[in-house]
Amino acid sequence: MNSVKLTQLLAIKYPIIQAPMFLVSNTKMVIEAMKSGIAGCIPALNYRTHEELKAAIKELKFAKVNGGAFGFNLIVNKSNVKYKGQLQILCEEGVDFIITSLGSPEETIKQAHKHHIKVFCDVTDLKFAKKVENLGADAIIAVNNEAGGHRGNSSPKELIKELVENCEIPIISAGGVGCKEDFDKIMNYGAAGVSIGSPFIASIEANVTNEYKQACVKYGANDIVMTERISGTPCTVINTPYVQKIGTKQTWIESVLNRNKSLKKWVKMIRFSIGMKATENAATKATYKTVWVAGPSIEHTKEILPVKEIVAKFVN
């Protein structure tokens, strides 16, 4: 068990990471997060080119304040053809931390540590937590069954307690924090900090449609469903009429092809590409095809607010 808190790891005021959200997170949000005394993180895949990623890092470095930190999320499996180039840029330009998802973080940890960058790894169970710990991760992001997007299978309490008892590095909980009461509860389970995503979708600074933000205000925990139609891997979305219409299961042909080991990877890549395009359109354009990714913590989102006011709800 490790007693190091996220505040010590990243030299921040409050033990909170504004979670990386595909198409939602941006530099404006992270700058406001840093000003509010927490850390902010952006998926590297939110930037189409290496030049755009470099520009974002430079902007965040210029805006960084004492008591705030910033990082980027890397998809580290083979389906992300941009991975190696993005890792190189993050290391060369310099960031406070990297969060790895969906693959082995071994190379990321090795390269990042050469540049004194901390690496936190997404895991959903003890087996993978021990793997990343043995690889030298600085902390574990424990993704529970209340997380938005791709989530785990264990409850926050169950997962945090198991990992805290069996791991030597800090445990950062991801999922299920929508209000101060949730935050305090998670910290009392022994977490070193929390990663909060969905409540920040309905922020002034989020660069998504007003319809998406209003959906996070209008809908609640009972309106979140799992779908296989975005990435091929179960993912949480708001149960809009469009989601109800298209269903949440993969098509019969995807199901058949997924049973073929040699074709499975390609089916997932194609589904991921189609699903991400649909998500992008829903997030950035007014469209009837509303595939809005969110977690049950939107239950406590009652209005669209600036990032600093959302942070204040958790820490005051």
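Okay, let's start with helix 3, residues 50-63: it has 14 residues and reaches 20 Å from its first C-alpha to its last, close to the 20 Å expected at 1.5 Å a residue. That expected span is 1.5 Å times one less than the number of residues. Helices here are DSSP runs of H or I with at least four residues, strands are E runs of at least two, and both are numbered from the N terminus.

Bear in mind that this is a predicted model, where local features need pLDDT of at least 70, side-chain atom pairs count only at pLDDT 80 or more, and totals for chains, interfaces and linings use all residues. Residues are numbered from 1 along each chain as its sequence is written, and side-chain values use heavy atoms, leaving out hydrogens and water.

So, which residues of helix 3 are buried? They're Leu53, Ala56, Ile57, Leu60 and Ala63. They cover an arc of only 135° around the axis, so they sit on the same side of helix 3; the arc is taken from the directions from the helix axis to the C-beta atoms. Buried means under 20% relative accessible area, exposed over 50%, partly exposed in between, with a 1.4 Å probe and protein chains only.

The buried residues pack against helix 2 (27-35), strand 2 (39-43), strand 3 (69-75) and helix 4. Turned away from that buried side, the face of helix 3 carries exposed Glu51 and Phe62.

On to helix 4, residues 83-93, where we find Tyr83. Tyr83 is buried at 9% relative accessible area. Its contacts (heavy atoms within 4.5 Å) include Leu74, Ile75 and Thr108.

Key
Lists of a residue's contacts leave out its neighbours within four places in sequence.
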